[in-house]
Amino acid sequence: MKGHDTAALLLRATLGPMLFAHGWNKVAGPGGLKGTTGWFEALGLRPAEVHARMAAGTELAAGVGITLGVAGPLPAAAAVGLMTVAARTDHRGKGFFVFKGGWEYAGVVGGAAVALAALGNGRYSLDGLLRRQRAGVGPALLAAGLGTASAAALLAVCYRPAEKPDEPDEAAR
């Protein structure tokens with residue numbers, strides 16, 4: 001398909017560095033890991049220090065993997081997982097638009113990651129160089145399914161948001 005490899009390269013060159021930059025900001029941004037830990041604590045991710053490190057490391061690794069085009073569709077699955085957790089914790093209940101705190105950004109990044117898994121990393125990638133191309137419906141479903149399932153498991157085990165004063169206690173219902 002004409003343009004396939006160029007499209008994959010452009011998508012990887014956009015998505016990968018952006019994810020890496022977000023991970024780097026969690027580690028070395030203005031608040032560093034301490035600030036990220038405090039933010040995750042406020043979101044209800046327990047233990048917050050573990051989740052801050054895990055999110056930063058996953059964004060860094062997925063960003064590098066996507067940029068280099070290696071191990072597709074696993075870095076895409078990591079991006080889907082990250083964005084699913086972000087949508088459920090930080091962006092939940094805030095509507096669609098990101099400028100209002102909504103899930104728009106998380107949805108676009110997750111969708112782009114699944115699209116990349118469907119497209120494959122292309123010829124201009126490490127997977128292409130090693131002749132390990134994976135593309136199509138299977139890799140897209142793997143990225144979407146593995147990312148979403150991993151996020152659901154993490155949230156089930158570790159997401160404990162504080163009750164808001166206007167929310168009745170479970171025991172009171």
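Reader: What makes a residue count as being in contact with Glu59?

Author: Keep in mind that this is a predicted model. Contact means heavy atoms within 4.5 Å. Skipping its neighbours within four places in sequence, Glu59 is in contact with Leu19, Phe20, His22, Gly23, Lys26, Leu82 and Met83. As for where Glu59 sits, look in helix H3, residues 48-68.

Reader: Why is Glu59 called buried?

Author: Buried means under 20% relative accessible area. Glu59 has 5% relative accessibility, so it counts as buried.

Reader: How do you know which residues line the largest pocket?

Author: A lining residue has an atom within 4 Å of a pocket point. For the largest pocket that gives 27 residues, with Ala55, Gly81, Leu82, Met83 and Val85 nearest its centre. Helices H1 (4-28), H2 (32-43), H3, H4 (74-89) and H7 (137-158) each give two or more residues to that lining. The largest share, eight residues, comes from H4. The pocket's volume is about 560 Å³.

Reader: What makes a residue in the lining of the second largest pocket count as charged?

Author: Asp, Glu, Lys and Arg count as charged. The lining of that pocket has six charged residues, along with five nonpolar and two polar ones. The second largest pocket holds about 380 Å³ of space. It is lined by 13 residues, and closest to its centre are Arg92, Tyr159, Pro161, Ala162 and Lys164. By the charged rule, Arg92 and Lys164 go into that class.

Key: Residues numbered from 1 in each chain as written. Predicted model: local features only at pLDDT ≥ 70, side-chain atom pairs only at ≥ 80, totals over all residues. Heavy atoms only, no water. Helix = DSSP H or I, 4+ residues; strand = E, 2+ residues; numbered from the N terminus. Buried < 20%, exposed > 50% of the residue type's maximum accessible area, 1.4 Å probe, protein only. 1 Å grid on protein atoms, 1.4 Å probe; cavity = no way out; pocket = protein on both sides within 12 Å on 5 of 7 lines; lining within 4 Å. Points joined across faces, edges and corners; volume = space filled by probe spheres on them.
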